[in-house]
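Subject: Handover of a structure and findings

Dear colleague,

Please find below the structure that I am handing over to you, followed by an account of what was found in it. I would be grateful if you kept the structure open while you read.

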Amino acid sequence: MGREPEVGRLRELLRGVAAGRGRAVWVEGEPGIGKSSLVATGLADADELGCRSAWATADELSQRSPLRVLLDCLDVDHRAPDHRRAAIAEVLLRTPTTAVVGVTHPVLLAMEGLVALVEELAGAEPLIMVIDDMQWADEASLYAWHRLVQLVEQLPLLLVAVSRPVPQREEVEELRRSVLARDGTLLTVPPLTEAEVAELTERLAPAPGGKELQRLAANAAGNPLYVRELVHAFFSAEQSPAGAAGQAAVPGAPASLAALITRHLGFFPPESLEVLGVASLLGPEFAVTDLAEVLERQPSGLLADLRNALAAGVVVESGPRLAFRHPLIRQALRESLPSALRGAWHRRAAEVLATSGAAIERTAEQLLAASPLADAWVISWLADHAITLTYHEPAVAAELLERVVDHAGGEREGEILAALAKAAFRLGRDGDGETYARRMLERVRDPDRAAEMRWVLAGGLFSAGRDEPAFMVARQALRHDPPAVWRARLQGLLAMFLRASDLEAAETEARSALAGAEAAGDRFGTGYALSVLWLVDSVRRDHNGALASADRALEVLRDEPGFGELRWSALDNRIFTLHNLDRLREAEATLRAAVAEAEHGGDPGRATLHIGAGVHYFWVGRWDDAQAALDSVDTEGPEATYYGLREHGPLLLYHGVHALIAGHRDDRASAHRHLEAVDAHAFGTLAAWENTDFLIAARALDAERDGDTEGARDLLATLLDVRPGQMTLVHQWMPDLVRLALALGDEETARAALAVCEAEAARESVPARAASAVDRCRGLLASDPDALLRTAEHYRAVGRTFELAQCLEDAAYLLGLGGRTAAARAAFGEATEVYAGLGAEWDVRRASTRLRPYGIRRGVRGSRRRPSQGWDALTPTELKVAHLVAEGKSNPDIAADLFLSRRTVQTHVSHILKKLGVRSRTEIATNALQHAG
């Protein structure tokens, strides 16, 4: 009643999604204002229009359980007959096969699975997803919803979030802003008018209530739930002994809606209220069998109480379960129980759910609200599930384990302390992690568990930047004569620590670790030792040796989900090494294999995969694809923590590549945005320094564009500071430094740059990338254009498009300087054509300025800059994606066809929609068909 405009808008959006146009909607209003009823009415014709609907309600109790409301919405359960849903649930049930390595976070894997499931469902038929009480949703579900909001323009997907304005959680407000920023619809549900309240009161009343009822209803502030409860209380009181037939027995409206609901519930017998109160502790919905178990009664003994609750509208049927009609009713019932009694019932519910085989997170939810918590059963259950809880929900694990650790004893105490240490390190609470780890080591005598804890402690200290204490812990651990498996693992860890200070010692420890792990049959230890040997060989520039270690690690770690991070590291290592060997086609093949593995392994959102792709595409001259790969990374999302970006290295690389491309394309605003984004990050650690070269090059380019050649030279010259154990190769930046230094008459810096190049080239096991950089630097210093032209041919052969253009530009300049005008014009023409193809407007302008004194000009021609809007604005990859969309292929299908990740395809489709100014895949298809042939 009184919601015609809002209902009309929802029906319009429903027709739109049925026609293929997705949208996100945010419905908000005070409790009881009729938000849920509005949505149900507005979407009532979904089935008739051929749309699939999925609904769920968030709950304050499950707010700490990652993805809980989305799992409920999409019916994801490990017992689901649909293998897709069961597989997602299994990810969240999986316990890591090794607890000592940072495996990919299961919540992110499940999130990727949920997003992929939504894509599949919406690809098959229009999909509507409704989350009620979004203000209580867990953080992972909020982020997943944000991810889905980014897809509504690409899919027939209608997302409806229903929320109260309070409590005001910042993460909920961020999601609301995200929805509205992407052209989402905001529906604010207003109070009913006085006339609408009067009409509603008359409709709800089973008999005339007279002026007294209308007077009371007029004080309802237009809240329909208030009116409903007031009418119910009015006529219930009328039938009570205190009331007289036909007269109102409610002397005045209660001060609040909650009080009115409490009065409504007061007409239930005390034993029925207790039943409903306990039911309210189980969640918005509950199974009668669970309730009976908690109450230690037979289900048949609850029938009378539940029938009365159904008749009174307190609960409603929800499939095989019962659900509370409104959250406020459930809240009132929960609060009707004394707080001490509530805690005891939660404790009882936890045990019942655990015994019945419920998901671990449901038991944990009950324990979070339970008291007392330190009894034998709770301690035993937490110790039994400590590893899994720490793996899936470290914050929940830490809170529960900290509440019982002082009450545990013996082996159980050791297990709880070990889990607490791991949880604390995962949460970035390094001080607490160290405290718990050392406390555990004081109590535990089991050599395997003690060795594992020392591994965790050393790794946690090292990640926190406390290198010396980490080194000491690893050394001490080896003196304790650990079991063979752990000796090899600890030696590998020690080798990793030694890399920055003593490369020879690092190699010795790594080879000893490898031999020990192989003898013990430990695949993890073998893979870890090989990764350290790859690092040692790479620092030495023995790229063939490094490649052999990476390949062997990939073979050892094959087909084992628990070794995911190590295997990903080996894939990254292989791509890096192939680049150093100038085997770019093989590097791209490995990148494609990594993408395919990520898609099939459930980890397509991996940030480092997309950043690595961006670096690769930069060097081969596919800058549009580089930007699309980088745009697929959400640096504000949870993957920025779970994938190591909080250590700054990959984040620095992400912003550096973006800024450098933007600088070459003369997009100063974008370049400055990325440069400024990292000003606050510390570069002090070796890991950070190893990822700053793109940023330094971007800042140097920015200075050169501003006419500050000296500043540009000085910035690039910082790369001459090669640190012990440094992985970063700097030879690729040295030719630019030589060019800038010579332009300033600074031969000393130019020769220092050549010396760094020569040092790297001398260490290459076979002449490769650094050798080519040496040839460029020598050609510049000797003013030998023919040497540069020979190097250009090498770049052409291996596919280094950007460096080809740079080399041709420098050759053209030296040819012009030497009076070889025709050859200069040819080299200049090819260089500027390549630059134009990259969109490198700044480089075209710089090259033109350098060659103009020799009478060489680019000629009169139209700008090669691609337009920003329309079909001609699409990049080559976007054109392929658009035509595949026109063929009716889904994002996963397109990803498979083009060897891209789903995230990258989503980014391409989003760019296409914006450039074409359309709002659906159907409209993309229409444009593609118009331009076919």
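A cavity is a set of grid points where a 1.4 Å probe fits but cannot get out, and its lining residues are those with an atom within 4 Å of a point. Please note that the model is predicted.

Cavities

A search of the whole structure finds six cavities of 30 Å³ or more. The largest cavity has a volume of about 170 Å³. Its lining is made up of 19 residues, and those nearest the centre are His-664, Ala-697, Trp-733, Asp-736 and Gln-806. Two or more lining residues come from each of helix 34 (649–664), helix 37 (693–705), helix 39 (734–743) and helix 43 (801–817). By type, the lining of the largest cavity has ten nonpolar, three polar and six charged residues.

The second largest cavity has a volume of about 130 Å³. It is lined by 13 residues, of which Pro-66, Leu-92, Glu-361, His-392 and Glu-393 lie nearest its centre. Helix 3 (68–73), helix 4 (83–93), helix 17 (360–368) and helix 19 (386–392) each give two or more residues to this lining. Which element provides the largest share of the lining of the second largest cavity? That element is helix 19, with three residues. The lining of the second largest cavity divides into seven nonpolar, three polar and three charged residues.

Helix 43, which contributes to the lining of the largest cavity, has 17 residues. From its first C-alpha to its last, helix 43 reaches 25 Å, close to the 24 Å expected at 1.5 Å a residue. Helix 43 is mostly covered, as 14 of its 17 residues are buried. After helix 43 comes Gly-819, whose phi is positive, near 80 degrees.

Helix 6 (residues 139–149) is largely enclosed by the rest of the structure, because ten of its eleven residues are buried. Among these buried residues are Leu-142, Trp-145, His-146 and Arg-147. At the N-terminal end, Asp-138 caps helix 6, with a side-chain oxygen 3.3 Å from the backbone nitrogen of Ala-140.

Not counting residues up to four places away in sequence, Asn-580 touches His-543, Leu-729, Glu-764, Ala-768 and Arg-769.

Backbone features

Most residues other than glycine have a negative phi, and most peptide bonds are trans. Asp-183 is not a glycine, yet has a positive phi of about 65 degrees. Asp-183 is found in the loop between helix 7 (170–181) and strand 5 (185–188), and is partly exposed, with a relative accessible area of 43%. Asp-666, which is not a glycine either, has a positive phi of about 65 degrees. Asp-666 lies in the loop between helix 34 and helix 35 (668–677). A cis peptide bond joins Ser-371 and Pro-372, with omega about -10 degrees.

Yours sincerely

Terms used: Residues numbered from 1 in each chain as written. Predicted model: local features only at pLDDT ≥ 70, side-chain atom pairs only at ≥ 80, totals over all residues. Heavy atoms only, no water. 1 Å grid on protein atoms, 1.4 Å probe; cavity = no way out; pocket = protein on both sides within 12 Å on 5 of 7 lines; lining within 4 Å. Points joined across faces, edges and corners; volume = space filled by probe spheres on them. Helix = DSSP H or I, 4+ residues; strand = E, 2+ residues; numbered from the N terminus. Nonpolar A, V, L, I, M, F, W, Y, C, P; charged D, E, K, R; others polar. Expected span 1.5 Å × (residues − 1). Buried < 20%, exposed > 50% of the residue type's maximum accessible area, 1.4 Å probe, protein only. Polar contact = N/O pair within 3.5 Å; in protein donor to acceptor, adjacent residues only side chain to side chain. Contact = heavy atoms within 4.5 Å.
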